[in-house]
Amino acid sequence: MDFPDRISERFYAELRESRLSTTKCNACGSLRFPPRAWCPDCLGEDLGWVALSGNGTLAAFSTQETAIRFRAPDVIGLVDLDEGVRVLSHIVGDYEDLSIGQRVTVDFFEAEPGLTLHRFRSA
Amino acid sequence: MSAWIAGVGAVPCRRWYGERTAHELSLAVIRAALLDAGLAPRDVDGLYTTQIGWFAPQEKFLAQRMAETLGIQTRAQMEIECGGASSLVALRIAADDVGSGRVRCALVWAADVEVPQKSFDPEKHMHLVEQALKYQTPYVQPYGVVGAVALYAMSAQAYMHEHGVPPAEVAEVSVLLRRHASANPLAYLRDPITVEDVLSSRIVSPPMHFLECAPWADGAAAVVVVGSELAGPRAVRIRGFGEAHDPTTFAPLVGPISRYPSAGRAAEDAYKRAGVGPSDVDVAEVYGPFSVEELQLYEELGFAGPGQAARAVATGRTTYGGDLVVNPSGGRLSFGHPPYATPLYETFEIVTQLRGEAGERQVDGARLGLFNAEHGMVNGSVVAVLERGGG
């Protein structure tokens with residue numbers, strides 16, 4: 001995968017080390033996902049990388065037909081992390097066995113050589 | 001704002017337009033709109049258009065090429081890119097240019113010809129899919145979500161969960177829109193369907209069934225906008241536009257999942273500028289590419305309370321004899337959905353209704369009309385309000 005900037009390149013390097021992370025502004029403390037090159041709240045450039053807990057709740061989920069890097073009946077979902085940010089991810093399990101609001105926790109897998117992605121499973 | 005719609009033109013919405021190019025379709029609808037307005041190319045001094053499809057090669061200088069074909073000098077010409085809202089943003093800018101006196105006669109058009117429509121060939125067309133997917137950030141794109149449906153499906157799931165709306169109630173809107181389309185010669189899908197048909201069609205992305213998804217289609221439409229000096233007795237007055245955007249793409253990483261807040265803000269803005277409210281609207285065209293999104297938008301536009309839209313449809317409040325008629329054209333689900341042209345097809349329908357020229361599908365006494373377009377899930381919306389009345 002080609003990364004459009006150094007921030008996303010770093011994000012995927014962190015995933016390879018089994019860390020789901022984002023940036024936090026060292027000046028105003030704002031934490032956002034996706035990670036940023038500078039802080040949109042205070043315009044500060046001094047941002048640090050922080051690892052997220054990887055714990056959250058499943059906000060919504062669905063499946064789709066087989067596509068690029070996606071094999072039906074895999075589940076995709078939106079996960080609200082305990083830190084107050086949301087991620088789109090793969091969800092481990094069958095659609096019928098999952099429910100909105102259930103607790104989930106992060107896990108990592110190599111989607112293709114050199115590309116590690118996050119996914120979530122029931123906590 | 002003093003801007004009027006003097007003419008509209010369209011070709012029928014279809015699965016695929018064969019070998020006809022976007023430029024040819026554009027010329028056909030522009031001619032029809034100018035004839036409808038009683039104006040000629042030499043009267044036009046502003047050109048406003050969009051890209052020519054989502055899965056299509058991106059072309060440059062579309063407006064300039066049209067100026068050359070029409071042989072006209074202009075004071076404004078542009079191509080607007082704002083996803084499914086593109087041609088409605090173009091119409092808003094054209095109306096602003098006419099209202100401010102920059103332009104006397106603005107021509108707005110969109111032709112949408114989706115290349116893989118006839119048959120998808122992975123070898124020939126995959127680059128178009130990959131190009132289209134570049135709208136996704138690197139934090140979403142690797143997860144392999146290709147179309148909009150899985151993402152809208154998550155919003156639909158959250159909505160149905162939050163409000164306890166059962167699938168059979170949601171399915172009613174697909175049935176009603178097909179009934180509306182059956183009276184519209186421009187609509188793509190016109191054969192009646194039942195709730196059972198909807199619920200037994202295959203699930204594309206749960207909870208969305210095949211008959212709850214708008215069909216991809218090709219099409220083209222054009223609209224002529226003028227000031228009061230050129231507005232004839234059939235002209236329809238533009239009362240106001242609202243526009244609002246959220247900082248999210250199809251998968252919202254901030255804000256609610258079960259709602260379209262930008263559509264609500266755009267509607268509020270449009271109502272305020274037009275000096276009217278949702279209960280004044282007689283006829284509306286709503287940009288719902290999926291059944292649940294259609295219902296969510298009725299709520300954002302103020303036609304039903306939170307979680308009440310499916311019930312409003314089932315009890316006849318959104319069709320002939322109800323509070324207002326929503327999507328008399330058949331809506332995206334049955335009219336067909338060529339996204340770049342869709343907002344101008346909506347304009348065509350509302351103008352036709354307000355002129356009292358809709359024939360079999362005429363909404364009695366239609367005086368005030370509204371239509372909206374969506375950029376894509378949760379992220380942006382434009383709402384327009386039009387009023388019957390000669391120039």
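This is a predicted model: local features need pLDDT of at least 70, side-chain atom pairs count only at pLDDT 80 or more; totals for chains, interfaces and linings use all residues.
1. Start with strand 7 of chain B, which covers residues 219–226. Eight of its eight residues are buried, so the strand is largely enclosed by the rest of the structure.

2. Which way do its residues point? B:Gly219, B:Ala221, B:Val223 and B:Val225 go one way from strand 7 of chain B, while B:Ala220, B:Ala222, B:Val224 and B:Val226 go the other way. Every one of these residues is buried, whichever way it points. As a general point, side chains in a regular strand alternate between the two faces of the sheet.

3. Next, the partners of this strand. Strand 1 of chain B, residues 4–10, pairs with strand 7 of chain B in the antiparallel sense, over six bridges. In strand 7 of chain B, B:Val224 is the residue that B:Gly7 stands opposite.

4. Strand 4 of chain B (residues 105–112) also runs antiparallel to strand 7 of chain B, and eight bridges join the two. Here B:Cys105 stands opposite B:Val226 of strand 7.

5. Now have a look at B:Arg14, in the loop between strand 1 and helix 1 (22–37) of chain B. Is B:Arg14 buried, partly exposed or exposed? Its relative accessible area is 41%, so B:Arg14 counts as partly exposed.

6. B:Leu189 is 175 residues from B:Arg14 in sequence, yet the two are 8.6 Å apart in space, C-alpha to C-alpha. Not counting residues up to four places away in sequence, B:Arg14 touches B:Tyr188, B:Ala217 and B:Asp218.

7. B:Thr319 is another loop residue, sitting between helix 10 (309–314) and strand 10 (325–326) of chain B. With a relative accessible area of 12%, B:Thr319 falls under the 20% cut-off and is therefore buried.

8. What does the side chain of B:Thr319 join up with? A polar contact of 2.8 Å links it to the side chain of B:His180. Leaving aside neighbours within four places in sequence, B:Thr319 is in contact with B:Leu176, B:His180, B:Leu324 and B:Val325.

9. Finally, the empty space. Rolling a probe the size of a water molecule over the atoms shows where such space is left. The count is one cavity of 30 Å³ or more, and the largest cavity holds about 30 Å³. Its lining is made up of A:Thr23, A:Cys25, A:Ser30, A:Arg32, A:Arg36, A:Cys39, A:Pro40 and A:Leu47. By class, that lining has four nonpolar, two polar and two charged residues.

Key
Residues are numbered from 1 along each chain as its sequence is written. Chains are lettered from A and ligands numbered from 1 in the order in which they are written. Side-chain values use heavy atoms; hydrogens and water are left out. On a 1 Å grid over the protein atoms alone, a cavity is a set of points where a 1.4 Å probe fits but cannot get out, and a pocket is an open set with protein on both sides within 12 Å along at least five of seven lines; lining residues have an atom within 4 Å of a point. Grid points are joined across faces, edges and corners, and a volume is the space filled by probe spheres set on the points. Ala, Val, Leu, Ile, Met, Phe, Trp, Tyr, Cys and Pro count as nonpolar, Asp, Glu, Lys and Arg as charged, and the others, Gly among them, as polar. Helices (H or I, at least four residues) and strands (E, at least two) are DSSP runs, numbered from the N terminus. Buried means under 20% relative accessible area, exposed over 50%, partly exposed in between (1.4 Å probe, protein chains only). A polar contact is a pair of N or O atoms within 3.5 Å; within protein, one must be able to donate a hydrogen and the other to accept it, and residues adjacent in sequence count only if both atoms are side-chain atoms. Contact means heavy atoms within 4.5 Å. Two strands pair if DSSP finds at least two bridges between them.
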